[in-house]
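Here are some friendly notes to read beside the model.

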Amino acid sequence: MSIPAYNFAYLDEQTKRMIRRAILKAVAIPGYQVPFASREMPMPYGWGTGGVQVTASILGPQDVLKVIDQGSDDTTNAVSIRQFFAKTAGVRTTTATTEATVIQTRHRIPETPLQDHQVLVFQVPIPEPLRFLEPRETETRRMHAIADYGLMHVKLYEDIACHGHIATTYAYPVKVDGRYVMDPSPTPKFDNPKMNDCAALQLFGAGREKRIYAIPPYTRVVSLDFEDHPFERYRHDASCALCGASDSFLDEVVTDDRGGRMFVCSDTDYCEGRRSAAPTTAEAAHA
Amino acid sequence: MYVAVKGGQRAIENAHALLADARRGDRSVPEISLDQIAEQLALAVDRVMSEGSLYDRELAALAVKQARGDLIEAIFLVRAFRTTTPRFGASEPVDTGEMLIRRRISATFKDLPGGQVLGPTFDYTHRLLDPALARDSEVPRPKLGSATETRCPRVTDLLAADGLIETSPTADPDASVGDLTRDPLSFPADRDLRLQNLARGDEGFLLALGYSTQRGYGRNHPFAGEIRFGEVEVEFCAPELGFAVPLGTIEVTECQMINQFAGTATEAPRFTRGYGLVFGQSERKAMSMALVDRALRARELGEEVKAPAQDEEFVLSHSDNIQATGFVEHLKLPHYVDFQAELGLVRKLRDDFFAKAQAAPELREAAE
């Protein structure tokens, strides 16, 4: 029987080079979906195989890795992916946003602003922002090629006509560097403004769909909207019950079966940072 | 008071321990061995090798054991190992005409050179549960004849000699072989990649699609020209040697479907082919694959594409059970954040709705 032996960060070096070439192309054409020969990973498709391949390809022995899911380091899939890299790459891991050099995420962008030495890696289920308007890849690639985004604008307009506002709350489409319409992955639209002019490199990996795309640092990212219906960031009517933050994305927690609810920060590191800094001032947590 | 959800790591470790325990089951029952799986659950092992795209009975048996008999999970294990193995190159095309035949049947000719060989098959068994198998049973050795020297030419080759069926495309030895595990699939896809996709594709998915063509969704009038199962030799041409050397033998099932084709203004009517090839013995999969392969040739043969089985993007994008099971089951992962955003939206929509409903009576009064 052939006994398996694995390379640093699981993937073999040829595969990493292939993925790095795709990443370079993605950085050169912001928002464009680069096809790549996605590998079969030891975790299921749809559970972060794209993000894991991107992370595996950019990770060096000196890197410090943070993995979050739903904003939290402690959700089971985040724990599982962090353990995977701790085991296969032996890199240092952290839960502190400021300490990490590579952050792999599912569904959130950390509240703490990212720095220019950091890379944010998104796990992407469906990279094609036009997919639910047009199921055919041959069609959507043509639409991107000639920047034919009328269908998307019609969809957003129909939302306004039916509901009075745009009824998309997550995976809210953005236009990158004035050219490609891009799916930000299913992050809530609350996080969209953080992608604009971000100091960190943002990489997006979709394993099952075999696509990589990128937003280079300090790139203009605009959420699609209309002059008379400008993009609105989602606002909670509450503040965090643990740290008191009123500027972060909140998870709703059901506390009993009599309608009891409380709201807490989805970004657990941000919340913990604010609580430990609480004796001084609330502003200190933002530093 | 709410306590932040912690302890994901310990929960995972405990779940793994429980899984290992459940896999082993009652300790008073002897543990199943890889030999037993490879020998007595051979068709499960065949399926795992086929859809796992790796011809290794021992690893496939290990995967079946580790996966507790869940074959898609076993295929997943094999795939995740296969993906890390280096590629030395592509073998020479196997010659199924030279197959050591264990079974060979044709539904198009009553008799033909080499004859009809039923071999080990469930066909013509009565599906009655056999109580004798509930305990250890002595199975008498079957009577064996001696092999004849007669070659078993492929039925399609016999028809091709008369020009009644399209010729098989001949391999261009200098052209590289497509590999969708090394290059992302793009559309339209060539037939080599389509066949690779189907060979790895889920048996149940292909069965349903093949069945749908028989029920009128992309009908292509198939005849099972020939189904053969047996051993073929795999040869590899190493550049250092300059000639092909045998690597060993593998068991495969091949199905050649013969399908109607009315011809066009420039082409005489003749039969066309649908092709299926899988590791081990799986006629259901090989036949389904051949039906779907033929359906997917609609564009090439100038037929109207109107059924799911003829739709290349639909079929090739959804045939892989590892991709499918991963994405379906990822719904188990937390979606708190997106759900929260949706909750906010539904609440807002409901507020709008009730506000409008309340305003409505006044509007009615004003109108009166």
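1. In which sense do strand β6 (residues 174-176) of chain A and β10(A) pair, and over how many bridges? They pair in the antiparallel sense, over three bridges. Two strands count as paired if DSSP finds at least two bridges between them. Helices (H or I, at least four residues) and strands (E, at least two) are DSSP runs, numbered from the N terminus.

2. Before going on, some ground rules. This is a predicted model, in which local features need pLDDT of at least 70 and side-chain atom pairs count only at pLDDT 80 or more, while totals for chains, interfaces and linings use all residues. Residues are numbered from 1 along each chain as its sequence is written, and chains are lettered from A and ligands numbered from 1 in the order in which they are written.

3. Back to the sheet: β7-β6-β10 of chain A is the order of its three strands, and it is open with antiparallel pairing. At the edges lie β7 (180-182) and β10 (221-223) of chain A, each pairing on one side only. On average, neighbouring strands are turned by 30° against each other, direction ignored; the axes are lines fitted to C-alpha atoms, for helices over the stretch in contact, and angles run from 0 to 180 degrees between N-to-C directions.

4. Now the chain contact. It takes 50 residues from chain A and 41 residues from chain B, where contact means C-beta atoms, placed from the backbone, within 7 Å. On the side of chain A, α3(A) gives the most, with four residues. By class, that side has 21 nonpolar, 16 polar and 13 charged residues. Here Ala, Val, Leu, Ile, Met, Phe, Trp, Tyr, Cys and Pro count as nonpolar, Asp, Glu, Lys and Arg as charged, and the others, Gly among them, as polar.

5. The largest nonpolar core has 101 residues, and B:V48 and B:V292 have the most contacts inside it. Such a core joins buried Ala, Val, Leu, Ile, Met, Phe, Trp, Tyr and Cys residues through C-beta atoms within 7 Å; buried means 20 or more other C-beta atoms within 10 Å of the residue's own. Helix α9 (residues 283-296) of chain B brings the largest share, eight residues.

6. Finally, confidence. Chain B has a mean pLDDT (the predictor's confidence in each residue, from 0 to 100) of 90, with 96% of its residues at 70 or more. The complex is given an ipTM of 0.77 and a pTM of 0.86.

Key:
A residue is buried if 20 or more other C-beta atoms lie within 10 Å of its own, exposed if 12 or fewer, and partly exposed in between; C-beta atoms are placed from the backbone. Two residues are in contact if their C-beta atoms, placed from the backbone, lie within 7 Å.
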